[in-house]
Amino acid sequence: MANTVPSTQIPDLSSADAAWLRQFLDEARSRAPDTLGLEELYGFLFAIAAAPDLVLPSEWIPAIFDAEGAVFADEAQGVRFHHVVMALYNQLNRDVQEATVRLPDCVEVREPAEANFAADAPLGRWTRGFAQGHDWLEEAWDVDLPQEVDDDLGASLSALLFFLDPKFAAALLEESGQPPSELPACARTMLDNFEGAMMGYAEIGRLIYQARGD
């Protein structure tokens with residue numbers, strides 16, 4: 001979490017760059033299936049930007065790819081990739097700083113709500129990327145929080161991870177004492193509150209980051 005450029009000067013990623021990045025990641029996934037796709041990358045980088053600790057690009061860029069790392073056709077492609085992925089990170093970091101976080105346009109939300117559990121659902125893909133980023137930085141969140149804040153963080157995480165897969169969602173229902181038949185209604189509630197959960201998660205991460213700097 002950092003902001004070295006005035007946020008008003010940080011634009012959204014252009015549609016052309018987003019299309020180029022999707023194609024590049026899709027081609028990389030054809031060689032290395034563990035590479036993040038575009039929706040997963042948005043979720044992953046949101047977790048990085050909202051984390052209570054600063055994570056350097058030299059740390060998180062390799063995590064986009066599988067163990068073999070990135071493979072570029074030539075130097076120009078490598079330069080463009082780093083330029084585009086940093087532009088995306090800067091956009092998400094700006095949104096965290098300005099409390100304007102939202103789902104990206106590429107994450108099409110499906111109806112009914114439980115349709116977002118499908119393996120190819122964009123929201124499910126975003127969730128998987130977010131889960132990877134949050135799990136990777138789990139130690140950064142290992143801090144004693146006031147009970148109310150800790151409860152808010154737990155509620156935000158429940159919403160942001162809900163569409164990871166139906167089994168995870170069913171486990172959340174069981175923990176809260178709700179029957180499996182409530183899954184569609186719970187999915188609807190989680191979906192309606194999803195961007196609010198993103199905002200809450202980012203706000204708590206920002207508060208912890210600021211407290212550590214005092």
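Is R128 buried, partly exposed or exposed? In this predicted model, R128 has a relative accessible area of 27% and is therefore partly exposed.

The C-alpha trace spans about 55 × 45 × 30 Å along its principal axes. For 214 residues, a compact globule would have a radius of gyration near 17 Å, and the chain agrees with this, having 17 Å. Of these 214 residues, 45% count as buried.

The next topic is the pairing of charges. Side chains of opposite charge can pair when their charged atoms come close. A search of the whole structure finds eleven salt bridges. One of them is formed by R94 and D12, whose side chains meet at 2.5 Å, N to O. This pair links distant parts of the chain, since R94 lies in helix α4 (residues 75-98) and D12 in the segment before α1 (15-31), 82 residues apart. R94 is buried, because its relative accessible area is 9%, whereas D12, with 39%, is partly exposed.

A second salt bridge joins E39 and R22, with the closest N and O atoms 2.8 Å apart. Here too distant parts of the chain are linked: E39 belongs to helix α2 (residues 38-50) and R22 to helix α1, 17 residues apart. E39 counts as buried at 6% relative accessibility, while R22 counts as partly exposed at 27%.

R128, the residue of the opening question, forms a salt bridge with E40, and the closest N and O atoms are 3.9 Å apart. Because R128 lies in helix α5 and E40 in helix α2, the pair ties together parts that are 88 residues apart in sequence. E40 has a relative accessibility of 11% and so counts as buried. Salt bridges can also share partners: in this way D12, R94, D95 and R102 are joined into one network.

The last topic is the surface. A negative patch is formed there by D135, E138, E139, D142, D144, E148, D150, D151, D152 and E203. Helix α6 (residues 147-161) gives the most to this patch, with four residues. E139, another member of the patch, is placed in the loop between α5 (122-136) and α6. With a relative accessible area of 73%, E139 is exposed, because the term applies to values over 50%.

How values were computed: Residues are numbered from 1 along each chain as its sequence is written. This is a predicted model: local features need pLDDT of at least 70, side-chain atom pairs count only at pLDDT 80 or more; totals for chains, interfaces and linings use all residues. Side-chain values use heavy atoms; hydrogens and water are left out. Patches are made of residues with over 30% relative accessible area and no salt bridge: like charges are joined within 9 Å, nonpolar side chains (Val, Leu, Ile, Met, Phe, Trp, Tyr) within 5 Å. Accessible areas come from the Shrake-Rupley method with a 1.4 Å probe; for residues, only the protein chains shown count as cover. A salt bridge is a side-chain nitrogen of Lys or Arg within 4 Å of a carboxyl oxygen of Asp or Glu. Lys and Arg count as positive and Asp and Glu as negative; His and the chain ends are not counted. The place of a charge is taken as NZ of Lys, CZ of Arg, CG of Asp or CD of Glu. Helices (H or I, at least four residues) and strands (E, at least two) are DSSP runs, numbered from the N terminus. Buried means under 20% relative accessible area, exposed over 50%, partly exposed in between (1.4 Å probe, protein chains only). The radius of gyration is taken over C-alpha atoms; the globule rule is 2.2 Å times the number of residues to the power 0.38.
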